[in-house]
Each structure stands twice: as structure tokens, then as C-alpha cells.
Amino acid sequence: MPTRRAFLASASGTALAVPNILAASKGGKPLKIGFYTDLHMRAEWQAPDAWQQAAEWINRQGVDFLICGGDAITDGFDASARSLEPRWEAYFSGHKRLRNDVYMAMGNHDIVGAQPTDGSDPEKDPRRVFREKFHLDRTYYSFDAVGHHVMVLDPFEIGWEGKAFRGWIGEEQQEWIRADLAGVSASTPVLIVCHMPFFSTYRQFTRGALEPMSNRYIVENNLAVLKLFARHKVAAILSGHLHVNEFIQVNGITHICGGAICAKWWRGPWFGTQEGFGVVTIDGGQVGWEYVDYEWEARRPPDK
Ligand SMILES: [Fe+2]
């Protein structure tokens, strides 16, 4: 198990293997995970202060480990890697205060330099910076924790039909999912982490009952991907992206959209969801969820 120091050590050319943590049984104690997502970190509007405040609240929860659901920084997609350094610095100013190991999922805003608007060349691999920042071999990976198998997915097809991206888990990653699950017993609860949700009522409760979803919001090939897990016990899918606090149970799977550290992109609550993070407990297959408001008051001017 790496120390936090090891995890934060600067990139040395060799990627840190994703460790199997907490493999030993803890004698029936429920798994307790801190899940924070969608920080959209930047230097403005005291966002770094908010994140450091959130980190203190997260540290008080007594969790086994932390998962970040993505969008650690804001607007990486159309910016050059060099111009984003202050945003990464703002992100790590809170991250380095966290006292648990953190497992990162990539959000669409963490994709760097895919379509830069400042005239610089697009990155050949817009996932590179994220991998290097967090010492990952890949943006999808898995690990074992307290009798559970956690699979972190990357739901982006970048540049689909000339657009920025769509939510889509491609064949190569599906192949990895099959291979990874081949080594997991059918009785082991599986936890999926994916920046974009597989299901959500977001459009229905914000716009109306008949509003369709879009592949900018959810994973378009959700059913095909879920089929890969048919012989396994998926306990929960943890997502972000929509910035709302949502808890849905369908066919025994709990779908959680974990609100956002930045709520309405630092402007205050977003459709009733405050700046916050979640605590997930999994006990004998039962999934519990608590959303914690870390008491930030928005500082972003209304005209910005
Ligand atoms: Fe997102």
C-alpha cells in the first residue's frame, strides 16, 4: 500500500502501479468510502480555499479510502497543457491535505489540450497529462479493497462526430473489463466508478418528464457495458458530471451521482445540491449514501 507521499511523488518516468489496498478482511466491518467529485478547480473565486475546507471535512469522516469522480480541474479540454498549471496547483493544494489514499477517475474537464483554442497544437494523447499527474498507467484500472473489487472506467470517446466527446466505453476498454472480471469471483461485490452516470433522472427533474437524455450526460452504451457484468454482483456505480446528488436503485444496482465540490461551478447550489461530497458505505451488499455539505458559501460574482 503506497503512502500518500508515494502517491504524490512527482512523475519520475515510471508509472506507479495501482496497488491492491486493504486486501485483508476487516472482520465484517462495512466498507466506507469518501467520494468527492467535480471540483472544477481554478485559482479564482477562492476555489482553493473551498477545496481546502472540503478536504478538512473529508478527513473527519473516517473512511477507508477516497475516490475522486473526476473534473479535478476546469476546462482542460480546449486549453494548452502549459496554461493549466495554476489549475493543477489549485487542485493539489487540497489533495495534499487528504489523509487517505485517493483513487482518481478522469472527468471530461481533465482531458487536456484535445482542441486548444489558443492556437497551440492539439495534444497527441489528451489523456497524457491526467495520467502523469496521478501516476497512472491507464485512465481505467481496478483494485481490491476490503473484499470488494473496484473498477474505475473512462467513459469518453473524444472527438466523436466532430463534437468534444460522447459518453461511450469503447471495444478496447470493454475487452479489458472482460479480462479483469475473469479474475473476480462471482460472489465478490463490484463497485464501478465512472465520471458519467449509466442512468440518471437529471433531465426529468430539471426540465420535465419527457425530456430525453443526451450522450453528453450519460454513457450511451450503458446497457452493453452492464451486460459484461451480468455474472457479477455490481453493488454500486459512482458517478459525477451532473453536479446533482442523486441515488437510484435499479435491479439491485445502486447508481449514485455524487453532487459536486463546486456545486454550480462555484456559483452556489445547482438544482438544490449544495457544495459537498459523499460518504458511501457498503455492508453485506447494502449500499448507504450520505451527502455532506461542507458549508461553503459561493464567492463567484454573479456576473462572471
Ligand atoms: Fe464532467
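This is a predicted model: local features need pLDDT of at least 70, side-chain atom pairs count only at pLDDT 80 or more; totals for chains, interfaces and linings use all residues.
Local features need pLDDT of at least 70 and side-chain atom pairs count only at pLDDT 80 or more, while totals for chains, interfaces and linings use all residues. Residues are numbered from 1 along each chain as its sequence is written.

**View A. The open sheet of six strands.** The strand order is β4-β5-β8-β9-β11-β10, with mixed pairing. Strands (E, at least two residues) and helices (H or I, at least four) are DSSP runs, numbered from the N terminus; two strands pair if DSSP finds at least two bridges between them. β4 (141–145) and β10 (245–250) are the edge strands, each pairing on one side only. Within the sheet, β8 (residues 189–194) and β9 (residues 233–239) run parallel and are joined by five bridges. L191 stands opposite A236 in β9.

**View B. Helix α2 and its buried face.** A residue is buried if 20 or more other C-beta atoms, placed from the backbone, lie within 10 Å of its own, exposed if 12 or fewer, and partly exposed in between. In α2 the buried residues are A47, P48, A50, W51, A54, A55 and I58. They fall within an arc of 155° seen down the helix axis, so they line one face; the arc is that of the directions from the axis to the C-beta atoms. Their cover includes β1 (31–36), β2 (65–68), α3 and β12 (276–283).

**View C. R97 in the loop between α3 (85–95) and β3 (102–104).** R97 is partly exposed, because 16 other C-beta atoms lie within 10 Å. Leaving out residues up to four places away in sequence, R97 touches Q52 and A55, contact meaning C-beta atoms, placed from the backbone, within 7 Å.

Key: Two residues are in contact if their C-beta atoms, placed from the backbone, lie within 7 Å.
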